[in-house]
Amino acid sequence: MTIQTVDPRALRDAFGAFPTGVTVVTACDGEGHPIGFTANSFTSVSLNPPLLLVCLAKTSRNFATMTGAQHFAINVLSEMQKDVSNTFARPVEDRFAAVDWAKGSAGCPIFSNVAAWFECAMEEVIEAGDHVILMGRIEAFDNSGRNGLGYARGGYFTPTLASKAVSAASEGNMELAAVVERRGEVLLLGEDVLSLPSVDAHDGSPTEALQKYLETSTGLKVSIGFLYSVYEGKSDGKQHIVYHAVAGDGEPAVGRFLKPDALVAAKFKTSSTADIVNRFAMESSIGNFGVYFGDETGGTVHPIPVKDAKA
């Protein structure tokens, strides 16, 4: 395959299989006004000398300011800062009014409550196709001990919260299910009454058990993504854990792929299944996914317990 035949959207989706943290890159323009943007293309480079890098699209409205800046900062967002990520990913006029911040020693905006931050001198700006690489020499940093916000396959995930939920659910009678997506469509089982593919869980890793079941039953290659719903089924007494998953090409041995936004009049096996599919249709349309915790009648999306917020 030559570079000319690569589908940019397919390549972007493939890159999205790699889970990353979420950062907000900040600096000040020539008049001292703060600027910032959300980025997950960040990585450490070297301990000696202390170097890191972040990639910046040449189409970014911050391109001229960032490439001309003498200093910039990386704010590694914590699990409670999904809203901050969304704010700095959108063309909001006064982004900094929505976040608590202060200037670092070199004048770069440093956010409160982040997992870690790094203030850097610009070491080098490197050409890289439709992006540039900003290489920074770290001059100051701090590590709060908070857990970072995660991002994979177009959605956020909170590692600590997900781990606690799965651990608690695994102590009881547990059923695993998946919203298996492929190019905007969802795999559903049944003809007149639709359901998500699911399997009772036993000992071992829930994600490994679910992936094995999905690949065996459908005959497709399946990648398990982020945690999507955790709820108690009052009618069946089970703990239900639902993951987002992505399927490869091919005709599934069971079920069929359907567009979730076209299923308003469809009948589902349970009201919970209907709620999950409807929520997925809404969230996928705006590219902003959440994690539901609750039961069949009510719950919340991405709750942050107070004790975690104060950690």
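Predicted model: local features only at pLDDT ≥ 70, side-chain atom pairs only at ≥ 80, totals over all residues.
Which residues does V25 touch, not counting residues up to four places away in sequence? V25 touches I35, G36, F37, A39, V54, M66, F72, A73 and I74, with residues up to four places away in sequence left out of the list.

**The nonpolar cores**

Next, select V25, M66, F72, I74, F118 and L134 together. These residues have the most contacts inside the largest nonpolar core, which has 21 residues. Now colour the elements that give two or more residues to this core: β2 (23-28), β3 (34-39), β5 (51-57), β6 (71-76), β9 (116-128) and β10 (131-143). Strand β9 provides the largest share of the core, four residues.

**T20**

Go to strand β1, residues 20-21, where T20 is found. Is T20 buried or exposed? T20 counts as buried because its relative accessibility is 16%, and the cut-off for buried is under 20%. Display its side chain together with that of N40: the two side chains make a polar contact at 3.1 Å. Beyond N40, T20 also touches L149, G150 and Y151, again not counting residues up to four places away in sequence.

The remaining stops concern the backbone. Most residues other than glycine have a negative phi, and most peptide bonds are trans.

Select N48 and P49 first. The peptide bond that joins N48 and P49 is cis, with omega about 0°. To place P49, look at the loop between β4 (42-46) and β5.

Move on to N113, in the loop between β8 (109-111) and β9. N113 is not a glycine, yet its phi is positive, about 65°. How exposed is N113? Its relative accessible area is 38%, so N113 is partly exposed.

Finish at R183. This residue lies in the loop between β13 (174-182) and β14 (185-188). R183 is another residue other than glycine with a positive phi, near 50°.

Technical notes. Residues numbered from 1 in each chain as written. Heavy atoms only, no water. Core = buried A, V, L, I, M, F, W, Y, C linked by side-chain atoms within 4.5 Å. Buried < 20%, exposed > 50% of the residue type's maximum accessible area, 1.4 Å probe, protein only. Contact = heavy atoms within 4.5 Å. Polar contact = N/O pair within 3.5 Å; in protein donor to acceptor, adjacent residues only side chain to side chain.
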